Protein chains: 4
Amino acid sequence: MTTVAVVGGSGYIGGELLRLLLGHPEVELAAVTSTRLAGRRIDTTHPNLRGHTDLKFVEPDALDKYDAVFLAVAHRTAMRMVPGMVARAGCLVDLSADFRLRDSGVYQRYYDTEHEAPQLLDGFTPGWPERYREQLREADRISVPGCTAMAGMLALYPLAAEGLVEPDVTVDARTGSSGSGAAAGNVNLHAERSGAMRVFAPLRHRHEAEIAQATGLRVRMSATGVEAVRGVQVYCRATAKDNADESTVRQAYRRHYGDEPFVRVVAYRSGGYRYPEPKILSGSNYCDVGFAAEPGQVVAIAALDNLVKGGAGNAVQCLNIRRGWPETTGLGFPGLHPV
Amino acid sequence: MTTVAVVGGSGYIGGELLRLLLGHPEVELAAVTSTRLAGRRIDTTHPNLRGHTDLKFVEPDALDKYDAVFLAVAHRTAMRMVPGMVARAGCLVDLSADFRLRDSGVYQRYYDTEHEAPQLLDGFTPGWPERYREQLREADRISVPGCTAMAGMLALYPLAAEGLVEPDVTVDARTGSSGSGAAAGNVNLHAERSGAMRVFAPLRHRHEAEIAQATGLRVRMSATGVEAVRGVQVYCRATAKDNADESTVRQAYRRHYGDEPFVRVVAYRSGGYRYPEPKILSGSNYCDVGFAAEPGQVVAIAALDNLVKGGAGNAVQCLNIRRGWPETTGLGFPGLHPV
Amino acid sequence: MTTVAVVGGSGYIGGELLRLLLGHPEVELAAVTSTRLAGRRIDTTHPNLRGHTDLKFVEPDALDKYDAVFLAVAHRTAMRMVPGMVARAGCLVDLSADFRLRDSGVYQRYYDTEHEAPQLLDGFTPGWPERYREQLREADRISVPGCTAMAGMLALYPLAAEGLVEPDVTVDARTGSSGSGAAAGNVNLHAERSGAMRVFAPLRHRHEAEIAQATGLRVRMSATGVEAVRGVQVYCRATAKDNADESTVRQAYRRHYGDEPFVRVVAYRSGGYRYPEPKILSGSNYCDVGFAAEPGQVVAIAALDNLVKGGAGNAVQCLNIRRGWPETTGLGFPGLHPV
Amino acid sequence: MTTVAVVGGSGYIGGELLRLLLGHPEVELAAVTSTRLAGRRIDTTHPNLRGHTDLKFVEPDALDKYDAVFLAVAHRTAMRMVPGMVARAGCLVDLSADFRLRDSGVYQRYYDTEHEAPQLLDGFTPGWPERYREQLREADRISVPGCTAMAGMLALYPLAAEGLVEPDVTVDARTGSSGSGAAAGNVNLHAERSGAMRVFAPLRHRHEAEIAQATGLRVRMSATGVEAVRGVQVYCRATAKDNADESTVRQAYRRHYGDEPFVRVVAYRSGGYRYPEPKILSGSNYCDVGFAAEPGQVVAIAALDNLVKGGAGNAVQCLNIRRGWPETTGLGFPGLHPV
């Protein structure tokens with residue numbers, strides 16, 4: 001068995017890692033840290049794991065060495081922990097924002113803080129299986145994209161790579177409340193957040209930097225919180241180049257994603273669920289990608305579960321690739337309908 | 001104009017008082033206190049009031065004298081403030097739990113704290129217009145019932161008063177999240193509270209003491225949080241006495257509530273909304289009351305908006321009675337459908 | 001009293017008209033039609049009106065003459081009924097799509113059907129108080145804008161009128177389920193629609209024609225259904241002209257809306273509800289409008305209740321203007337918080 | 001591989017069977033019927049199965065013979081199909097109400113229709129693994145309990161079996177909208193059903209007959225629809241016999257369920273999710289059971305996913321037992337948190 005540890009196991013991404021790793025047939029979950037909850041059973045925080053584990057949270061400095069370590073802590077905390085973690089981890093998978101942007105200046109501009117470990121940036125491979133699969137087979141440090149970034153990258157990359165659109169694009173993200181994390185705050189109280197359509201980033205959402213880096217496009221990104229716990233949807237608009245009509249666009253998506261285990265092309269002429277919808281993806285590792293075109297315009301739509309393909313599931317998919325296991329191992333849950 | 005002040009205007013009940021009093025044609029809202037937010041505009045906390053007022057919160061000790069003062073603070077805080085407020089208020093309307101129970105021993109048993117002003121208990125008239133209308137015309141101190149208590153009292157009182165049921169009854173309350181108040185807590189985070197069916201009081205919900213006092217019945221009460229922001233529904237079961245069938249029960253409700261401006265009897269044989277449902281009552285001062293019977297059993301169902309007929313609206317109705325205004329003044333909003 | 005009739009009173013817009021007209025102090029609601037439900041009480045369909053009326057639906061041909069008639073029927077039906085209604089209505093207020101577009105060719109392109117009464121198009125005044133207030137004082141035929149169109153027009157008009165943006169804009173609408181109407185359909189079942197983020201118009205939403213006509217801009221519009229019953233939000237992106245920064249934009253909005261009774265400018269630097277959110281507008285006639293700017297871009301955001309300022313409330317506001325009553329008569333409900 | 005067919009695969013229970021059977025390692029899903037949708041791909045109706053199957057619906061009379069046949073059709077339809085299906089099914093698993101009640105007179109009383117195949121009633125074994133595990137190993141005809149019945153039976157059986165409570169009990173069920181099925185109806189429209197607390201069975205819910213039969217208790221049962229798509233919770237009240245206090249009750253539940261793979265005892269003194277909550281069970285086969293006691297009273301609470309442990313998952317668990325496979329095969333999904 002491959003031994004793994006999760007650092008920062010009390011949050012929502014951390015909890016999702018625990019769910020997936022406890023159900024993974026090749027993995028032994030050896031340790032889970034939480035500074036705040038050390039000594040408590042992990043199923044008191046993640047009640048869906050009752051009956052699946054007797055593990056307790058430990059302090060981070062109680063960690064040993066493991067075949068893989070997942071880092072599920074806040075940005076800034078991650079870049080402080082990574083240097084010390086490298087020696088304990090055969091493969092280190094970071095889920096924070098700290099090692100996603102190759103340029104520390106861009107990081108500083110979007111995160112309002114100086115990067116404290118810029119010398120380590122080059123060592124990370126993007127946790128983006130659809131594009132970096134080969135590199136991930138050998139990677140010892142992996143940086144998993146942000147949730148809305150992953151959706152935006154999967155939606156836009158085929159259009160950019162095939163030269164079907166002009167470089168200026170807009171990305172409009174709609175997100176559920178779990179993206180705000182497990183820490184309490186007045187604006188996330190149920191009575192305030194329920195039924196919301198809350199534009200929390202009218203301009204310059206942080207993930208636009210990641211999508212721009214990944215696609216070479218110039219991205220303007222907004223984000224709105226809507227009523228959902230899990231789920232991200234991005235709606236992207238681009239100006240079509242001359243050659244791009246609906247048929248060209250469909251071919252591009254099929255070429256890129258036809259063999260992908262976790263990306264489905266969803267763009268139907270009729271029926272329910274014609275375009276990607278996150279609610280039927282809750283708990284699954286799918287990113288559904290769809291599109292529409294009219295003369296001069298292409299729109300791309302993607303949906304995923306922010307805690308799975310937008311975080312923990314994507315991280316496990318990367319580990320599967322790294323260890324040479326079938327890529328869907330431990331990630332077979334297809335999502336529910338209705339739900 | 002009648003001058004009024006609201007003490008504790010930053011919470012959800014407080015905010016609802018402000019909405020109703022700002023729209024009340026006979027009232028001038030003269031002062032609103034909040035220790036924590038003194039100096040800030042009240043519409044920063046209650047954004048639905050933008051454009052309706054320029055008032056700012058003040059410290060409680062900045063209060064003057066007013067024709068009426070509404071006390072919308074937590075229990076325990078209320079019993080400490082009431083002695084000092086009596087002199088400033090022509091009429092004092094307390095919305096806390098502190099002056100609802102006539103017996104300080106019962107208070108201590110249900111609230112786990114000694115009553116600090118038991119000598120004042122006798123001076124309060126229950127803020128229950130349907131039963132104490134005459135007394136309210138002269139009352140200078142009014143104690144408004146709890147939200148689920150109000151629903152339970154209106155559901156059960158006609159059955160008790162007419163001797164239609166045996167004294168042992170059960171009350172099962174379902175409540176929205178606004179009943180937990182505006183203070184943040186992890187269990188009230190949207191991601192945790194959304195879609196919940198959370199039995200937070202499997203037995204001995206505090207309001208059973210109020211309903212028992214009001215009806216003379218022996219009450220066993222539970223409460224479950226369900227997905228809603230506003231709204232309370234109670235489902236009450238009683239053993240029918242020999243004379244009670246559906247027709248007898250219907251007559252009892254009609255006799256008690258046929259002329260009431262804010263209680264509607266809702267028990268239809270078919271169609272939508274056959275029994276009381278809180279969602280069409282949001283913002284309205286109605287309590288809808290329904291019932292069903294089979295041999296040996298009577299069930300009573302009531303629904304209301306916990307912040308209106310279960311709190312602020314009921315308080316304003318009491319003030320209307322006290323001042324001799326038409327009872328519906330400022331309380332005309334009928335509720336929405338669909339919503 | 002001014003007598004009014006509502007034609008098509010069984011739908012959601014119709015029901016909202018009934019709520020507002022029954023609460024309107026200057027109006028007598030004289031007749032409500034429904035072909036399907038003729039003979040039944042209107043409160044069986046609209047349970048929030050229990051206790052407010054004993055009216056029953058009548059057949060359309062039972063109508064007499066009224067000071068005002070509101071037409072709340074589907075598009076296509078409206079253009080067939082209008083010619084016959086003109087004689088019965090001192091003032092005819094149509095809430096359908098049929099008389100909104102001045103150009104019958106544009107109508108045909110967006111609604112896939114030929115216009116059957118193009119000769120009447122010129123006779124209608126747009127039911128857009130903020131821009132056509134003077135004309136509405138004399139108007140005998142009024143065509144109320146579509147719900148997302150109203151939001152888009154109020155969001156974009158100041159930018160267009162002041163020349164602050166380039167003519168190509170995008171509008172992204174998010175809508176609740178009541179916009180689909182009261183007719184059952186599988187995709188609108190609760191189990192399917194709950195928690196949805198459903199792109200139902202990836203391109204060319206019909207209301208783009210109205211917004212283009214109203215603002216002179218070239219509009220590309222999409223729409224996504226999100227979890228809510230009531231509520232519309234539009235997020236609009238435009239390329240800023242040289243002179244447009246945040247301060248210029250703020251001034252433009254203030255100039256246009258500073259004196260408007262039902263448009264509030266909502267764009268705060270911090271706190272909750274910084275930008276327009278429909279949930280606190282349910283039942284109210286407000287349209288909240290906000291904005292943000294970065295170099296080269298302006299975004300405008302608007303929110304409203306699709307059944308009120310996006311339909312029935314706006315229609316009543318037009319009637320108030322037409323009859324010379326204070327514009328807020330019968331429209332005083334401010335919305336709820338929390339909700 | 002064991003071949004299976006699903007009769008009635010277009011509904012919500014049917015779809016859930018398809019999800020579970022497609023993911024089951026020992027089973028080959030050979031045929032799925034739908035009279036209405038014959039010829040269409042099953043993933044057009046169940047979009048969560050995109051990428052998991054290319055199967056199409058077939059007519060019922062296209063069926064061959066299979067090791068197991070699951071019948072997921074409406075009651076009344078089931079009792080007409082069962083006689084013809086017996087020959088085609090090595091093991092027939094019926095998910096309708098038609099073969100749950102041993103007494104055809106009770107069936108007629110609760111379902112308002114005469115039983116058409118009373119001679120077959122004796123041949124069915126209840127699909128209740130926790131009680132009939134031994135019989136299920138040999139059963140060729142299995143009748144799966146109703147969703148709220150399963151919850152009520154698991155909640156109450158230990159109390160009844162150990163003689164801890166008096167025979168008169170009440171069961172109050174709260175249910176999500178998927179229990180109403182996939183057929184459209186006005187009351188199930190999102191705009192009507194959203195945020196509901198709808199008492200649809202104030203008395204005599206049909207499942208009381210099943211719970212009574214299973215436990216020997218006299219059951220009075222009500223049901224209320226609340227906001228959720230999946231999920232059932234039952235809250236049961238009983239009068240304690242002399243020997244029953246909280247400790248006795250806890251021991252009874254532990255004795256009955258301590259070794260059960262899909263029943264967890266959930267009754268904690270503090271923390272979140274202290275009592276059973278359906279939302280963390282969506283998609284899982286767990287039934288969580290909790291309890292509380294005060295002098296003279298015991299309450300039992302149970303929660304499950306109505307489509308899984310309340311239907312399809314329970315049916316698969318029965319098949320696992322019948323075929324001698326590990327009981328959790330294909331049922332490993334633990335549920336999500338948050339969700």
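In the UniProt record, an unreviewed entry, Cys147(A) is listed as an active site. The structure described here is a predicted model. Within this model, Cys147(A) is found in helix α6 of chain A. The relative accessible area of Cys147(A) is 18%, and since buried residues are those under 20%, Cys147(A) is buried. When residues up to four places away in sequence are not counted, Cys147(A) touches His207(A), Val232(A), Leu304(A), Asn306(A) and Gly310(A).

The division of chain A into domains provides the setting for this residue. Domain 1 of chain A is made up of residues 2-144 + 311-323, and domain 2 consists of residues 147-304. Taken over C-alpha atoms, the centres of domain 1 and domain 2 of chain A are separated by 24 Å. Contact between the two domains of chain A involves 19 residues of domain 1 and 24 residues of domain 2.

The largest nonpolar core comprises 88 residues, and Leu17(A), Leu21(A), Phe70(A), Leu159(A) and Val234(A) have the most contacts inside it. Helix α6 of chain A (residues 147-161) supplies eleven residues, the largest share of this core. Both domains of chain A take part, with at least three residues of the core drawn from each of domain 1 (2-144 + 311-323) and domain 2 (147-304). The surroundings of Leu21(A) can be described individually: leaving aside neighbours within four places in sequence, Leu21(A) is in contact with Val4(A), Val6(A), Val27(A), Leu29(A), Phe70(A) and Val316(A).

In chain D, an open sheet is formed by seven strands in the order β8-β9-β7-β10-β13-β12-β11, with mixed pairing. Strands β8 (197-201) and β11 (263-265) of chain D stand at the edges; each has a single partner strand, so one side of each is left without a neighbour in the sheet. Direction ignored, neighbouring strands of this sheet are turned against each other by 25° on average. Strand β7 (residues 165-175) of chain D pairs with strand β9 (residues 218-226) of chain D in the parallel sense, over eight bridges. One of the residue pairs joins Val171(D) to its bridge partner in β9(D), Met221(D). Helix α9 (residues 246-257) of chain D lies across β11, β12 (287-294) and β13 (297-304) of chain D, and runs at about 160° to β12(D).

In chain C, strand β9 (residues 218-226) is mostly covered, seven of its nine residues being buried. Strand β7 (residues 165-175) of chain C pairs with β9(C) over eight bridges in the parallel sense, and the bridge partner of Arg174(C) in β9(C) is Thr224(C). Strand β8 (residues 197-201) of chain C pairs with β9(C) in the antiparallel sense, over four bridges. In this case, the bridge partner of Ala201(C) in β9(C) is Ala223(C).

Methods: Residues are numbered from 1 along each chain as its sequence is written. Chains are lettered from A and ligands numbered from 1 in the order in which they are written. This is a predicted model: local features need pLDDT of at least 70, side-chain atom pairs count only at pLDDT 80 or more; totals for chains, interfaces and linings use all residues. Side-chain values use heavy atoms; hydrogens and water are left out. A nonpolar core is a set of buried Ala, Val, Leu, Ile, Met, Phe, Trp, Tyr and Cys residues joined through side-chain atoms within 4.5 Å. Buried means under 20% relative accessible area, exposed over 50%, partly exposed in between (1.4 Å probe, protein chains only). Helices (H or I, at least four residues) and strands (E, at least two) are DSSP runs, numbered from the N terminus. Domain bounds come from an automatic or database domain assignment. Contact means heavy atoms within 4.5 Å. Two strands pair if DSSP finds at least two bridges between them. Axes are lines fitted to C-alpha atoms, for helices over the stretch in contact, and angles run from 0 to 180 degrees between N-to-C directions. UniProt positions are given in the numbering used here, feature names are shortened, and annotations may be inferred rather than shown by experiment.
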